[in-house]
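I opened the notebook to look up a few features, one entry at a time. The structure goes in here before the notes.

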Number of protein chains: 2
Amino acid sequence: MTKKIKPQTLKGFRDFLPEEMVIRQKVIDILKNVFESYGFEPLETPALEYAETLLGKYGEEADKLIYQFEDRGKRKVGLRYDLTVPLARVIAANPNLPMPFKRYQIQPVWRADKPQAGRFREFLQCDIDTIGNASLRADAEIIACALEAIKKLGLKNTKMLINDRYILRNLKPEFVSAIDKLGKVGKAGVIKELVKKGAKKSWAEKYINSFSKEKPTPNNITVFNHLKKLGWKEGKDFEFDPTLARGLDYYTSTIFELASPNCKSDSLGGGGRYDNLIGMFLGRDVPAVGFSFGIDRLIEAMKQQGLFKKLPKTTTKVLVTIFSPEFLEESIKLASKLREAGINTDLYPDPDTKLDKQLKYADRKGIPYVVILGPEEVKNKTVTVKNMKNGSQKTLSIDELQKELQV
Amino acid sequence: MTKKIKPQTLKGFRDFLPEEMVIRQKVIDILKNVFESYGFEPLETPALEYAETLLGKYGEEADKLIYQFEDRGKRKVGLRYDLTVPLARVIAANPNLPMPFKRYQIQPVWRADKPQAGRFREFLQCDIDTIGNASLRADAEIIACALEAIKKLGLKNTKMLINDRYILRNLKPEFVSAIDKLGKVGKAGVIKELVKKGAKKSWAEKYINSFSKEKPTPNNITVFNHLKKLGWKEGKDFEFDPTLARGLDYYTSTIFELASPNCKSDSLGGGGRYDNLIGMFLGRDVPAVGFSFGIDRLIEAMKQQGLFKKLPKTTTKVLVTIFSPEFLEESIKLASKLREAGINTDLYPDPDTKLDKQLKYADRKGIPYVVILGPEEVKNKTVTVKNMKNGSQKTLSIDELQKELQV
């Protein structure tokens, strides 16, 4: 009827098959647990926002990357670019929310960027933000929560780089976003971009060489002291970095970025204080500070440290095989029993398939256990369970099997 | 700098604040656990698909509701309309996936529909599908898994209505989508729409009165027998309904819909067999059957049955108050200890706030417990914990507090 079409994914977009989903769900579960343990509450916002909500908050370069279109009612709309601006809109739209409001949000964002290695047009962000608390303890709590998440994820050799936008206070926003690329393009690259954006070359050279020698601001020092009291170590867990700029316009003072273990100029996430953003919607300023994890880079770094090696390839724990058609009913009953006991159980679909083909199916899916229910087992009210990893086999009662699989 | 704008949400789109998120996460957790217990594995696909992937699969009426636009590269793209067509594309794009492939997928979909009570333009779907298994046991397993989910959610007075597209085999697709509205607009309404779509009035009247007397097909009877063997009761858990049509074009035989407890013509979800859809991408047919829950309607029905009454309003378990500035450090330490023990803990942000205002904050947020750490408590190495629901107070050691809150 319909002509066959090439079933491709748009460039820059990805499917996540079960093996990858197991990893993602594991990471998200850990992040959620840490976020909630710190008293952050869940929030979700819609993918589409009015274009005017999104535009003019991030800076010129970022605005170009917002997916915009006209919907049916000729309204200009856009796909969310981050989770911070939608949060600011939520705060402004709900003036009766008890303050401070501490929320976490785990949702995809979209950027019409050039797809390249490790960069995608849809990617998941995991954010925590504290709204309505101007105290620097809130900055420290956000950083501590992010560091705790990293600790619980088991990631080594990463630290939070911290700076204060105050150090860059005299720069135009487009100059800040040039400085932000220092780690990637080096001094010469930044100077070139500054000149391209209208700076005098002599000034740019002098500036680049001077600002990188700045000392922590009083705000930075207070945040550092709070962090130390919470048990985090300067130099190991966090450190001052005057060259940190953060690309987005909305930051106002403390800024921070989680350095990737592999490459300091690559970040696993970042954040800072943005005390004026909500005011753009509300008319009065509300203090705010937050941090955003980029899940893809986090997972990439964890993969490189071998942290998922022990993770199964699937959520399914056991395959119940079908010995032959006459034992079909017994296998169906056993599968129901295991499912009832909360054990993730697949039942082989075809009673006419040879047992070794059924085992191969389990192996290809990465299902860790296989149960066999043949004439001997049915007679003795037992089952044979095979560990697919080491090939060992045991004959157990059904109760024993449940206990074995629930571990 | 930027002018203040009205911080509104687009019509038909919603924010989910923490109280609502607690409910949604609870429902999703239960669904995920049931899906995984049946051996369905997680999958996620991108929000944007090529327009040609989406169009021509659902039927004319549905195609009009797909959000389409041109992206930067002048590619025609669309936001996913359901989770079934993206799954079909994934299957066609990954010819080496071990079959049968059983996946669940929980992601939002978008429809440029008229927003109305209970209908939104972005809404969450929770789908299970079995690909590559033509056996009617696969149809029964999908239905059984959906019924098990309903049971685990605690929802009463709902049943699965089951039919076979074979009964409607002689109808044009646009006539099927007219029949699908029978529950909502009644016989007269359907006849009117059939005539509008080109049917003779006399034929439409005769057809409407005859097809609703059809008997279950042999396929239906086989599925019913499988369901009964799995412990589900005809009449109570499922029943035959020849008037069930399902609006989408891609169904080929078994179709089913979960009737809402309040109104039979309203459904909490639906599904069926679609053995030709994947062939539209792949060039060869692959059998497939699936079911999709509409989370919003499910939650609405559960609310009406009072199933969330015992649920807290927030994920946070306890607020650690600050008795006065000199006890700040003690409170910070206690909060860290509770967080370490996996207890979701908020720390009041301002040491200068009066205690009764701090208690009010916990009350407004719905935090179930408040901990007070004053001079007496610090001296005796105890804490006072207040149950915010019944107002009772206890003085406990920190170990006892942890046990109390971990329950």
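How many salt bridges does the count come to over all chains? I get 48. I keep in mind that this is a predicted model.

**Entry: one salt bridge**

I picked out a single pair. The side chains of A:Arg103 and A:Asp129 form a salt bridge, with N to O at 2.7 Å. The pair falls under the rule because the cut-off is 4 Å. I then checked where the two residues sit. A:Arg103 belongs to strand S5 (residues 101–110) of chain A, and A:Asp129 to strand S6 (residues 122–131) of chain A. They are 26 residues apart, so I note a link between distant parts of the chain, as defined over these strands.

**Entry: H1 and H5 of chain A**

Next I looked at two helices. Helix H1 (residues 18–37) of chain A and helix H5 (residues 136–153) of chain A have axes that come within 9 Å and cross at roughly 140°. That angle makes H1(A) oblique to H5(A). The crossing of H1(A) past H5(A) is right-handed.

Which residues make the contact? From H1(A) I list A:Val27, A:Ile30, A:Leu31, A:Val34 and A:Phe35. From H5(A) I list A:Cys145, A:Glu148, A:Ala149, A:Lys152 and A:Leu153. I sorted the residues of this contact by type: eight are nonpolar, two are charged and none is polar.

**Entry: a sheet in chain B**

I turned to chain B. Here I find an open sheet of three strands, in the order S2-S4-S3, with antiparallel pairing. Which strands are at the edges? They are strand S2 (48–50) and strand S3 (68–70) of chain B, and each pairs on one side only. Direction ignored, neighbouring strands of this sheet are turned by 40° against each other on average.

I followed one pairing further. S3(B) and strand S4 (residues 76–79) of chain B run antiparallel and are joined by three bridges. B:Glu70 has B:Lys76 in S4(B) as its bridge partner.

**Entry: backbone checks**

Where are the cis peptide bonds I noted? One runs from A:Met99 to A:Pro100, with omega near -5°. A:Pro100 lies in the loop between helix H4 (84–93) and S5 of chain A. In chain B, a cis peptide bond joins B:Met99 and B:Pro100, with omega about -5°. I place B:Pro100 in the loop between helix H4 (84–93) and strand S5 (101–110) of chain B.

Last, I looked up a phi value. A:Lys381 is a residue other than glycine, and its phi is positive, near 50°. I find A:Lys381 in the loop between helix H14 (375–380) and strand S15 (382–387) of chain A.

Terms used
Residues are numbered from 1 along each chain as its sequence is written. Chains are lettered from A and ligands numbered from 1 in the order in which they are written. This is a predicted model: local features need pLDDT of at least 70, side-chain atom pairs count only at pLDDT 80 or more; totals for chains, interfaces and linings use all residues. Side-chain values use heavy atoms; hydrogens and water are left out. Axes are lines fitted to C-alpha atoms, for helices over the stretch in contact, and angles run from 0 to 180 degrees between N-to-C directions. Helices (H or I, at least four residues) and strands (E, at least two) are DSSP runs, numbered from the N terminus. Angles under 35 degrees count as roughly parallel, over 145 as roughly antiparallel, 65 to 115 as roughly perpendicular and the rest as oblique. A crossing is left-handed if the near helix is turned anticlockwise from the far one by less than a right angle, and right-handed if clockwise. Contact means heavy atoms within 4.5 Å. Ala, Val, Leu, Ile, Met, Phe, Trp, Tyr, Cys and Pro count as nonpolar, Asp, Glu, Lys and Arg as charged, and the others, Gly among them, as polar. Two strands pair if DSSP finds at least two bridges between them.
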